[in-house]
2 protein chains.
Amino acid sequence: MNKALSNAADETSATGISTSERILSTSAALFREKGYAGSTTRELAELLGIRKASLYHHIETKEEILYQICIASLTRIIDEISKSITEVVSQEDLRTMIRSHVVEIVGTRDFHSVMLTEMRGLTPDHLVEVVALRDRYEQLIRDVVSQSQSLGILRDDVAAKYLMLCLLNLLNWTIFWFKPGGDLDGEELGDLLASIYLEGASQMSTLGRVGAS
Amino acid sequence: MNKALSNAADETSATGISTSERILSTSAALFREKGYAGSTTRELAELLGIRKASLYHHIETKEEILYQICIASLTRIIDEISKSITEVVSQEDLRTMIRSHVVEIVGTRDFHSVMLTEMRGLTPDHLVEVVALRDRYEQLIRDVVSQSQSLGILRDDVAAKYLMLCLLNLLNWTIFWFKPGGDLDGEELGDLLASIYLEGASQMSTLGRVGAS
DNA sequence: GTCTATATTGTGATAGAC
DNA sequence: GTCTATCACAATATAGAC
């Protein structure tokens with residue numbers, strides 16, 4: 001059996017964590033690795049150490065698990081971003097928001113990855129609801145970008161929509177390669193991505209950087 | 001039947017294009033939309049306008065299609081990148097490489113997306129081969145980054161590995177939202193992403209930008 | 001090269017005992 | 001709340017005629 005996946009299941013098997021919660025976190029790890037359509041209820045049950053039929057005491061369908069993962073991921077990140085930015089008044093506020101964002105993404109990597117890449121597996125009704133929540137999340141970021149443009153913090157030769165999409169580009173793909181325990185932790189990666197988004201990666205642009213050696 | 005998908009099939013049904021090629025391009029569109037595991041040979045046959053069994057005159061397994069898509073995508077992009085950079089001697093060369101890269105990605109969107117996100121569906125043997133090819137592709141970019149650092153074009157306070165990953169972050173996520181016929185074409189998006197990677201998105205960093213109004 | 005028909009396995013989900 | 005046993009169906013793939 002896959003080691004990383006069974007670890008994800010083991011971590012939640014301590015007392016105090018409900019089976020429903022274990023199903024969610026174990027599924028998130030499984031779905032991230034094999035995809036929603038590529039994961040079976042048999043594998044999931046095995047990772048949880050129960051029989052396949054026992055799953056259905058806690059859930060009604062496999063799709064419901066995906067739905068719960070998407071909702072949990074989006075409500076969390078909307079909450080975290082909202083907390084990290086009451087108002088943008090300086091470039092430093094923007095940097096803080098990006099850092100919080102990255103720390104949240106890598107801290108809830110399984111949930112966030114599945115939400116971002118497996119959303120298409122939802123039933124039409126659930127998809128509408130989750131997409132609406134994702135739009136709210138993206139609008140939050142777009143508002144921050146737009147506000148920063150008005151304040152002269154971000155360039156305004158590009159529409160806020162595209163500056164927002166470029167920022168999400170820079171942050172989101174991280175889910176495909178970041179591994180906890182590597183030589184960068186979430187905070188450090190957040191700092192790096194924020195500095196590239198704000199100042200770029202060219203040598204010239206870093207000469208005047210705050211804290212540059 | 002889904003309109004975008006049947007269009008993708010129709011575009012290839014003109015004379016002169018072999019059924020094998022039609023299977024590849026139609027599968028790439030289907031797999032991008034529904035995922036490899038989420039797509040069935042029934043849907044594929046229907047999009048092609050043939051019976052499911054007829055597919056097996058051209059292919060041996062469904063997985064073989066995925067394999068061909070991954071190989072085609074990677075050999076193409078390795079070739080394109082190699083052509084676009086004989087040697088990096090200025091920031092403008094880097095900009096050219098990024099632009100070529102983006103144009104190639106969005107021009108072969110279906111193939112490239114499937115290669116990037118559905119690779120895990122390959123058999124172990126095929127996966128080893130495809131991952132080796134992907135590593136070659138990433139090494140190409142890493143070499144360019146590293147060379148640029150030596151020349152003082154890119155900042156050298158971060159390891160080439162991470163500058164390469166940040167660049168791929170910025171470029172790759174594009175596959176999830178770019179749609180041809182929108183208000184940005186591939187070239188324009190390439191310019192935008194190159195300028196953000198090199199100079200950042202902050203207002204300050206754009207004041208001295210070449211061509212800024 | 002495509003067809004009809006079918007084999008075979010894997011899938012999500014349920015019935016009902018404990 | 002978990003179990004054994006099983007259902008109903010969808011999946012990939014094959015056989016053999018045309």
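Contact here means that heavy atoms lie within 4.5 Å of each other, and a residue is called buried when its relative accessible area is under 20%. Keep in mind throughout that this is a predicted model.

Begin in chain B by selecting helix H7, residues 109-118, where nine of the ten residues are buried, so this helix is largely enclosed by the rest of the structure. The buried residues of H7(B) include Arg109(B), Asp110(B) and His112(B), and also Met115(B) and Leu116(B). Now show what covers them: among the covering elements are helix H2 (19-34), helix H5 (62-84), helix H6 (91-107), helix H8 (124-150) and helix H9 (160-172) of chain B.

Next, move to chain A and select helix H5, residues 62-84, whose 23 residues reach 34 Å from the first C-alpha to the last, close to the 33 Å expected at 1.5 Å a residue. Among the buried residues of H5(A) you will find Ile65(A), Leu66(A), Ile69(A), Cys70(A) and Ser73(A), and the cover over the buried residues of H5(A) includes H2, H3, H6, H7 and H8 of chain A.

Finally, select helix H6 (residues 91-107) together with helix H10 (residues 186-199), both of chain A, whose axes come within 8 Å and cross at roughly 135°. H6(A) and H10(A) are therefore oblique to each other, and their crossing is right-handed. Residues that meet there include Leu94(A), Ile98(A) and Val102(A) from H6(A), with Leu189(A), Leu193(A) and Tyr197(A) among those from H10(A). The residues of this contact divide into ten nonpolar, four polar and five charged.

Methods. Residues are numbered from 1 along each chain as its sequence is written. Chains are lettered from A and ligands numbered from 1 in the order in which they are written. This is a predicted model: local features need pLDDT of at least 70, side-chain atom pairs count only at pLDDT 80 or more; totals for chains, interfaces and linings use all residues. Side-chain values use heavy atoms; hydrogens and water are left out. Axes are lines fitted to C-alpha atoms, for helices over the stretch in contact, and angles run from 0 to 180 degrees between N-to-C directions. Helices (H or I, at least four residues) and strands (E, at least two) are DSSP runs, numbered from the N terminus. Angles under 35 degrees count as roughly parallel, over 145 as roughly antiparallel, 65 to 115 as roughly perpendicular and the rest as oblique. A crossing is left-handed if the near helix is turned anticlockwise from the far one by less than a right angle, and right-handed if clockwise. Ala, Val, Leu, Ile, Met, Phe, Trp, Tyr, Cys and Pro count as nonpolar, Asp, Glu, Lys and Arg as charged, and the others, Gly among them, as polar. The expected span of a helix is 1.5 Å times one less than its number of residues. Buried means under 20% relative accessible area, exposed over 50%, partly exposed in between (1.4 Å probe, protein chains only).
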